[in-house]
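Subject: Handing over the structure

Hello,

Here is the structure I promised to pass on to you. Please open it alongside this message.

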Amino acid sequence: MDGLLLQLASGLTSGAAYALVALALVMIFQSTHHINFAQGEMAVFSTFLALAGIEAGMPYWLVFALTIVASFVVAGLVHLVIIRPLRDAPVLAMVTVFIGLYMAFHAMAGWIFGYQIKIFPSPFPQGLAIGRLMSAHEVGSILVTCVLVGALFAFFRFTPVGLAMRGAADNPVSARLLGHNVGLLVLLGWGLAGAIGSVGGLMGAPVVFLDPAMMSGVLIYAFAGALIGGIDSPIGAVIGGFLVGILENLSGAYLVGSELKFAFALVLIVAVLIVRPAGLMGRKLVTRV
């Protein structure tokens, strides 16, 4: 029983990182109807910037805030300079662009910061937080994820800008007719996605260590979580991310072994696409012809 509880606790911790990246993927998909395959590498680059600030002697939470702001700006610039001019390009061309962004951020992280595995500090006290099940960092990561998701929910539910962003994502034509600057709202969505992804990197780095390939596997698990929850549902993406984290740990411990956990995520993606393409909380689109 202790082993099962330990795997569940570890799955929740992994799921917190997957949920944040899945949420970032969904936000970009809602605004552009594309999957940003470079989301994980952008988060890695942000985490390296944070480590540079910490090594320079800056307080962790100041670095945390500055990293979020920097990630917001970088993601916005990527959209403004690269994605927006190609908004009418064919789907295959956009897939190629996102793969190119993945390679570019991966290469830049290695070129600037090196390919050595680095230890990333945790802002939470050392020691066990809940008996033998979870460390303080694991509990803190889950709490940070919950606080961020709650803040985003309030932003999109109760603020005029958040409501406008939801409207622009659902129906950009109607949003324009109502006088909203859809281009600016999409730019804001990209910036928020970059900021959210960076938090996933900051929370995950103390657990898996930091190197340019840190988020490559996380992106696959997050993509699986986004599909399970619903690629057009932010809340579904968060739920799906936590589910994938739990299923990954349980399958690795009791079903397929640690060597096949990554393959298990790919099986989940295919299964969801076959059985329920809209996901658990996604919307089914029906076209009348």
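Below is what I found in it, starting with the whole chain and moving on to single residues.

First, some ground rules. This is a predicted model, in which local features need pLDDT of at least 70 and side-chain atom pairs count only at pLDDT 80 or more, while totals for chains, interfaces and linings use all residues. Residues are numbered from 1 along each chain as its sequence is written, and side-chain values use heavy atoms, with hydrogens and water left out.

**The whole chain**

The protein chain has eleven helices and two strands. Helices (H or I, at least four residues) and strands (E, at least two) are DSSP runs, numbered from the N terminus. Along the sequence their pattern is α-α-α-α-β-β-α-α-α-α-α-α-α. The C-alpha atoms fill a box of roughly 55 × 45 × 35 Å along the principal axes. For 289 residues, a compact globule would have a radius of gyration near 19 Å, and the 19 Å of this chain agrees. That radius is taken over C-alpha atoms, and the globule rule is 2.2 Å times the number of residues to the power 0.38.

Of the 289 residues, 46% are buried. Buried means under 20% relative accessible area, exposed over 50%, and partly exposed in between (1.4 Å probe, protein chains only). Among contacts (heavy atoms within 4.5 Å) with a separation of 6 or more, 75% come from residues 24 or more positions apart.

Helix α8 (residues 182-208) has 27 residues, which should span 39 Å at 1.5 Å a residue; its end C-alpha atoms are 38 Å apart, which agrees. The expected span is 1.5 Å times one less than the number of residues in the helix. Because 21 of its 27 residues are buried, α8 is largely enclosed by the rest of the structure. At its start, a side-chain oxygen of asparagine 181 comes to within 3.3 Å of the backbone nitrogen of glycine 183. After α8 comes phenylalanine 209, with a positive phi near 70 degrees.

Helix α5 (residues 136-158) should span 33 Å with its 23 residues, and its end C-alpha atoms are 32 Å apart, which agrees. Its buried residues include Ala136, Ile142, Val149 and Phe156. Glycine 140 also lies in α5 and counts as buried at 5% relative accessibility. Between glycine 140 and proline 125 there are 9.5 Å in space, C-alpha to C-alpha, although they are 15 residues apart in sequence.

Phe264, Ala265, Leu268, Ile269 and Val272 are its buried residues. Seen down the axis of α11, these fall within an arc of 145 degrees, so they line one face of the helix. The arc is that of the directions from the helix axis to the C-beta atoms. Val267 and Ile274, on the other side, are exposed.

**Aromatic rings**

How many aromatic pairs does the structure hold? There are eleven. Rings of Phe, Tyr and Trp (its six-membered ring) pair if their centres lie within 6.5 Å; planes under 30 degrees apart count as stacked, over 60 as edge-to-face and the rest as tilted. Tyrosine 60 and tryptophan 61 make an edge-to-face pair, at 5.1 Å centre to centre and 85 degrees between the planes. Tyrosine 60 is buried at 14% relative accessible area, whereas tryptophan 61 is partly exposed at 44%. Phenylalanine 98 and tryptophan 190 are stacked, because their ring centres are 6.3 Å apart and their planes at 10 degrees. Phenylalanine 98 sits in helix α4 (residues 91-113) and tryptophan 190 in α8, so this pair ties together parts that are 92 residues apart in sequence. Both phenylalanine 98 and tryptophan 190 are buried.

**Two loop residues**

Asparagine 36 is in the loop between α1 (2-32) and α2 (39-55), and at 0% relative accessibility it counts as buried. Leaving aside neighbours within four places in sequence, asparagine 36 is in contact with Leu25, Ile28, Met42, Phe98, Trp190 and Leu219.

Glycine 114 is in the loop between α4 and β1 (128-130) and is buried, with a relative accessible area of 16%. Not counting residues up to four places away in sequence, glycine 114 touches Phe48, Ala109 and Pro212.

Best wishes

Technical notes:
A polar contact is a pair of N or O atoms within 3.5 Å; within protein, one must be able to donate a hydrogen and the other to accept it, and residues adjacent in sequence count only if both atoms are side-chain atoms.
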